[in-house]
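Dear colleague,

I am handing over the structure below, together with notes on what was found in it. Please read the notes with the structure open beside them.

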Amino acid sequence: MISTGASATRIEDTIVAVASAPGRGAVALVRLSGPDAFSIATTHLPSWPPEPRVSHLCEVFDGDQTLDRALVTLFPGPNSFTGDDTVEISTHGGYLVPSTIVAALISSGARQATPGEFTRRAVLNGKLDILQAEAIGDLIDASSHAMQRAALGQLDGGLSRRLLGLRNDMIGLEALIAYDVDFPEEDDGPVPRKKIDQAAEGIGRSLDALLATAPAGEVIRGGAIVVIAGPPNAGKSSLFNALLGRSRAIVTEIPGTTRDALEAVIDSGKWPLRLVDTAGLRETKDRIELLGIEVSERYLASAHVVLACAENSKSLEETIRLVGRSSRAPMLAIRTKSDLVSTRDEMAHSSAVIRVSAETGAGLQELLGAIDDMLDTRHGAIVPDLPILTRARHRKAINTARSELQQFTDAWREEKLPATVAAVHLRTAVCALEELIGAVEVEDVLDRVFSSFCVGK
């Protein structure tokens, strides 16, 4: 793939950057890649590693000044991450040492890399496709095990292989129509219309299956918003702290202590959860508390799951009624402070209610399991090794391909258009998949993908 436009000359540059996170640490990594990487590196290394992919300890110089004693590893192209000759220098950490080495390499002809430029070159040199490049960014940004697994699966090429298979199926369908148009009397005569119809249906089902993963992908990427709601002094903040395993919310016996929403991410189950502790729901004239209740109602409106909390049956029923005014999300009825409930109250309470105690930890694992089950029911269970659509760009492209395929199918079945005209919809669907995976050069897509990357990637 050859880059076009303003960046066409830049791919010939040799680029350098610190590839590790900035700040104090034991080790930092300086990455140098491009056609002149080896010649630039030799200017600053008194000894050269004897073989590729084997770390070699040597001093790094800038003129007469020693910058560091570092481990140097060579990766000759095309067998490197970028596909170009690459030198990786593992230096001592901190700000000064790696930055002085980068400055020395720039003075010898390298250029400071732009964000994501190393990965962009890997795409342009055919080492990765765009979906795999996105997966690298997602893996770096992952804040949950679910996102980590999804990113690794995409980096391994799971989604790419699925889309390439669908693309090939559509091209095969195009070929059938072209054969039918150009050679209608060959062999056994025209291709049966039912055969083309069935092939289109099969591709449509596969596209629908991918689109069905989008809601789960959205939750995996952003986290499921789980709102703890209920009246003041119902143990909401205590439950919030207990689920987090540390004290984030102030807990007192004074009603209305929580005036604003507190949010934290937990990753203790199948789904990443954005747990939100909200102000108590009640009638009040306190202006500050009213503002907190308004914030609570906004969170309730966007919630994936609501934990309706109360100390007793009557209060719980009222909480469920109040929450229902602001949220359409599924609710779990939570009986808080279960360690203070008498045996008679315990037996009289509905089995549909989950009893928890922030004091003893009773019921917390049951609650987390119930949240996972509710998210499975609403968004589809997370299936290991199944490709998932995690970005809006993915959903848009698959939706376009599905829509174009449906328009082809409708025109084909009803014979509204000549076959050659109907097939234009197939070509548009194929192009949508090609743009998604990067089978064609789309410069603005590359710009969007790599704009959020760190410089050393």
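**Overall make-up**

The protein chain holds 16 helices and twelve strands, where helices (H or I, at least four residues) and strands (E, at least two) are DSSP runs numbered from the N terminus. Please keep in mind that this is a predicted model, in which local features need pLDDT of at least 70 and side-chain atom pairs count only at pLDDT 80 or more, while totals for chains, interfaces and linings use all residues. Residues are numbered from 1 along each chain as its sequence is written, and side-chain values use heavy atoms, with hydrogens and water left out.

Of the 457 residues of the protein chain, 47% count as buried; here buried means under 20% relative accessible area, exposed means over 50%, and partly exposed lies in between, with a 1.4 Å probe and protein chains only. The accessible surface of the protein chain comes to about 22300 Å², and 53% of that surface belongs to carbon and sulfur atoms; the areas come from the Shrake-Rupley method with a 1.4 Å probe, and for residues only the protein chains shown count as cover. Among contacts in the protein chain with a separation of 6 or more, 65% are made by residues 24 or more positions apart, a contact being heavy atoms within 4.5 Å.

**The six-stranded sheet**

Six strands form an open sheet with mixed pairing, in the order β3-β4-β5-β2-β1-β6, and two strands are said to pair if DSSP finds at least two bridges between them. Strands β3 (56-62) and β6 (111-112) stand at the edges with a single partner strand each, so one side of each is left without a neighbour in the sheet. Within this sheet, strand β2 (residues 27-33) and strand β5 (residues 86-92) run antiparallel and are joined by seven bridges, with A28 of the pairing standing opposite T91 in β5.

Helix α2 (residues 96-107) lies across β1 (15-18), β2, β3, β4 (65-75), β5 and β6, and runs at about 145° to β5. Helix α3 (residues 117-124) also packs on the sheet, where it touches β1, β2 and β6, and its direction makes about 135° with that of β1. For both angles, axes are lines fitted to C-alpha atoms, for helices over the stretch in contact, and angles run from 0 to 180 degrees between N-to-C directions.

Strand β11 (residues 331-335) is mostly covered, as four of its five residues are buried. Strand β10 (residues 305-310) pairs with β11 in the parallel sense over five bridges, and A308 stands opposite A333 in β11. Together with helix α11 (residues 313-326), β10 and β11 make a right-handed β-α-β unit, right-handed meaning that, with the strands pointing away from the viewer, the path from the first strand over the helix to the second runs clockwise. Strand β12 (residues 354-355) pairs with β11 in the parallel sense as well, over two bridges, and there I334 stands opposite I354 in β12.

**Single residues**

S160 is found in helix α6 (residues 158-182) and counts as buried at 3% relative accessibility. Leaving aside neighbours within four places in sequence, S160 is in contact with D129, L131, Q132 and I437. T400, in helix α14 (residues 392-414), is partly exposed with a relative accessible area of 31%. T400 and C431 are 31 residues apart in sequence and 9.7 Å apart in space, C-alpha to C-alpha; C431 counts as partly exposed at 36% relative accessibility, whereas C58 is buried at 4%. The structure holds zero disulfides, a disulfide being a pair of cysteine sulfur atoms within 2.5 Å.

With kind regards
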